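Visitor: I have a structure to look at with you. Let us go through it step by step.
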Amino acid sequence: MTVAAAPLVPPPFVFDNSYARELEGFYVPWQPAPVPAPRLLRLNEALAAELGLDAAALQGEAGAALFAGNAVPEGAAPLAQAYAGHQFGGFNPQLGDGRALLLGEVIDRHGRRRDIAFKGSGRTPFSRGGDGKAALGPVLREYLIGEAMHALGVPTTRALAVAATGEPVWRERELPGAVLTRVAASHVRVGTFQYVAARGQPGEVKRLAEHVIARHDPDLAGGDSRYLALLRRVAGRQAALIAQWMNLGFIHGVMNTDNMTVSGETIDYGPCAFMEAYDPATVFSSIDHGGRYAYANQPLIARWNLARLAETLLPLLADEPEAAVVLATGVIDAFPAWYDEAWRAGQRAKLGLATAQPDDAALADDWLALLQAQQVDFTLAWRTLADAAEGRPAPLRDQFVDRAAADDWLARWQARLAAEGGDMAARAAAMRRVSPWVIPRNHRVEEALAAAVDAGDLAPFERLLAALQQPFDERPDNARYAEPAPRELTAGYRTFCGT
Ligand code: AMP
Ligand code: MG
C-alpha cells in the first residue's frame with residue numbers, strides 16, 4: 001500500500017482579490033518581511049473550517065511559514081492599504097498599513113467574501129517611524145478579545161492564526177515578536193474614503209463607494225441615490241454595533257476614523273477593555289488623556305466619525321453642494337435616534353422585557369444610575385438580574401451596599417415584569433442569552449498574556465479562550481473568569497495601543 005506524501009506547501013486559500021483588482025491607487029503592492037524562526041502558536045480551527053481551509057495541513061512547519069509571512073501562498077496579492085484618518089480629532093492625510101498587509105480575499109463556506117490580512121508583517125511604505133512589527137502580547141490580546149466579541153454575538157474581525165517570528169521586538173523592553181492573521185468582512189475604513197477625498201479626488205471616492213456597495217450592500221448597486229443609501233447603511237450598522245458595545249460594557253479605546261469599518265465590524269483591538277464597576281466616564285487607554293474615547297462618548301464619537309464619512313461623499317450626493325449637505329445632515333442627525341433605538345432594545349432584552357412600554361427608558365436609566373452610585377460590577381449586575389427574575393434576588397442584592405435602594409428599584413422592575421406576565425424560567429433563560437457570565441476581564445487577560453510572554457506558557461491563554469468562547473454558560477470550572485478584578489487593579493489599569 002502506498003500513502004501519498006502530503007504536499008509541502010498546501011494550497012490553503014482560493015483567492016479572489018477584488019480590492020487589488022478594482023482599487024489601484026488605494027494600495028501599494030508589498031511583501032511580508034521574512035522572519036528567522038517561524039513557529040505556529042495558534043490556529044483558529046473553527047474559523048479555518050469556515051474559510052474552507054484544511055486545518056490539519058496548516059499545523060506544523062507549512063502553517064508556520066505561511067502565517068509568519070515566510071511563504072506567501074499562491075494566488076495572494078499582498079498589498080499595504082492606503083488610508084487617512086482623524087486620530088484623536090486631528091487629521092492625518094496619510095496613515096495606511098504601517099505594519100499590516102492584505103494578503104487577499106476568499107469566499108467562505110457561507111458565500112461571504114472575507115479579507116485575509118497580516119498584522120506585524122514588517123515595514124511598508126506607510127510605516128513612518130514604526131518598525132512594522134507586532135509583539136506577542138498585543139497579538140494574543142487581539143485574538144482573545146476578538147473571539148470573545150464573536151462569541152458574544154458582536155460583529156468583529158477575527159484572528160485566524162498567531163505565529164511567533166523568533167525575532168525580538170523593542171518596546172519599553174525586548175519582547176517576543178509575532179504575526180497575527182486577521183479575517184475581516186473587509187478592511188475599508190472611514191479613513192479609506194478620507195484618503196481620496198482629502199486629495200480632492202471625488203472620482204476616486206466614487207470608485208471606492210462602488211466597490212463597497214458591491215461588497216457590502218449589493219442590493220443598492222445601480223440604484224438612484226445609492227451613495228446616500230450607502231451612508232445610511234454604514235450609519236445603521238454602526239448604530240447597531242455601538243449599541244452592542246455599550247450593552248456589554250466594551251470600550252474600544254481608539255475610535256479614530258481609520259479604526260472604523262464601513263462593514264460594521266469592530267476592528268483594531270488595541271487599548272480596548274471591558275468595564276468592571278459601572279462608570280460612564282471609564283477610560284483605560286494610556287494615551288486618551290481627555291477621555292475622548294471614554295465609554296459614554298462612544299455613540300457621540302461614532303456620529304462624529306460618520307459625519308467625516310458623509311463629508312467625503314458630498315460630491316456624490318447631489319449636484320448642488322447645499323442640497324448634498326442637507327441630505328448628508330439628514331443621515332447624521334438621524335443617527336442618535338437609530339443608536340438609541342438599538343441600545344434601548346438591547347436594554348429591554350437584558351431587563352427581561354418582551355414588550356416596549358413608555359416607562360422602560362426611565363426604568364433602565366434608574367438601574368444604571370444605581371449601579372453607578374454603588375459601583376456595582378456591570379456584567380455581574382446584569383447577569384444576576386436573571387436570577388432575580390426567577391425569584392432569587394440574593395446574588396444581585398449582595399452586590400449593593402445600599403440594599404434598600406436596590407430593593408426600591410427591584411420592586412418597580414418586578415411590577416413591570418408582573419404586568420407583562422409570561423414564564424419566569426423562560427424569561428431568565430432569555431436574559432442569560434444576552435447578559436454574559438464571562439467577559440475578558442482585564443486581570444485575567446493580563447495574567448494569560450504575562451504567562452505567554454514571560455514564560456512561553458500558552459496554557460492560561462488557552463483556558464481563558466475556552467471560557468470566553470462560551471460566555472453565556474455558567475460553568476463551575478469557569479468561575480474564576482467571572483470574578484471581577486480587585487478594585488485597585490481596575491483603578492490603575494492602563495492599556496496601550498499600537499504596541
Ligand atoms: P493603530 O492605532 O494600531 O490603528 O495604528 C495607527 C497607525 O499607526 C496605522 O497607520 C498603523 O499602521 C500605524 N502603526 C502602528 N504601529 C505600527 C508599527 N509598529 N510600525 C509601523 N506602523 C505602525
Ligand atoms: Mg488602526
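Visitor: Is Ala209 buried or exposed, and what is its relative accessible area?

Guide: This is a predicted model. Ala209 sits in helix H7, residues 202-216. Buried means under 20% relative accessible area. Ala209 is buried because its relative accessible area is 0%.

Visitor: Which residues is Ala209 in contact with, leaving aside its neighbours within four places in sequence?

Guide: Contact here means heavy atoms within 4.5 Å. Sequence neighbours within four places are left aside. The contacts of Ala209 are then Phe193, Tyr227, Leu230 and Leu316.

Visitor: How far apart in space are Ala209 and Leu231, C-alpha to C-alpha?

Guide: In sequence, 22 residues separate Ala209 and Leu231. In space, C-alpha to C-alpha, the separation of Ala209 and Leu231 is 9.6 Å.

Visitor: Is Thr192 buried or exposed, and what is its relative accessible area?

Guide: Thr192 belongs to helix H6, residues 190-198. The cut-off for buried is under 20%. Thr192 is therefore buried, at a relative accessible area of 2%.

Visitor: Which backbone nitrogen does the side chain of Thr192 reach?

Guide: Leaving aside neighbours within four places in sequence, Thr192 is in contact with residues including Tyr19, Phe26 and His187. Its side chain also reaches a backbone nitrogen at 2.8 Å. That nitrogen belongs to Arg189.

Visitor: Which residues are the protein donors of the magnesium ion, ligand 2?

Guide: The donor atoms lie 1.8 to 2.1 Å from the magnesium ion.

Visitor: Which residues come nearest to ligand 1?

Guide: There are 17 residues around ligand 1. By class, that shell has 2 nonpolar, 8 polar and 7 charged residues. Those that come nearest are Gly96, Gly98, Asp131, Gly132 and Asp268.

Visitor: What is the distance from the polar backbone atom of Gly96 to an oxygen atom of ligand 1?

Guide: A polar side-chain atom of Arg99 lies 3.2 Å from a nitrogen atom of ligand 1. A backbone N or O atom of Gly132 lies 2.8 Å from a nitrogen atom of the ligand. For the polar backbone atom of Gly96 and an oxygen atom of ligand 1, the distance is 2.6 Å.

Visitor: How much of the area that ligand 1 exposes alone does the protein bury?

Guide: Taken alone, ligand 1 exposes 480 Å². The share of that area buried by the protein is 86%.

Key. Residues numbered from 1 in each chain as written. Chains lettered and ligands numbered in written order. Predicted model: local features only at pLDDT ≥ 70, side-chain atom pairs only at ≥ 80, totals over all residues. Heavy atoms only, no water. Donors = N, O, S within 2.8 Å, 3.2 Å for Na, K, Ca; no water. Near = heavy atom within 4 Å. Polar contact = N/O pair within 3.5 Å; in protein donor to acceptor, adjacent residues only side chain to side chain. Areas by Shrake-Rupley, 256 points an atom, 1.4 Å probe, with all protein chains shown as cover. Nonpolar A, V, L, I, M, F, W, Y, C, P; charged D, E, K, R; others polar. Helix = DSSP H or I, 4+ residues; strand = E, 2+ residues; numbered from the N terminus. Buried < 20%, exposed > 50% of the residue type's maximum accessible area, 1.4 Å probe, protein only.
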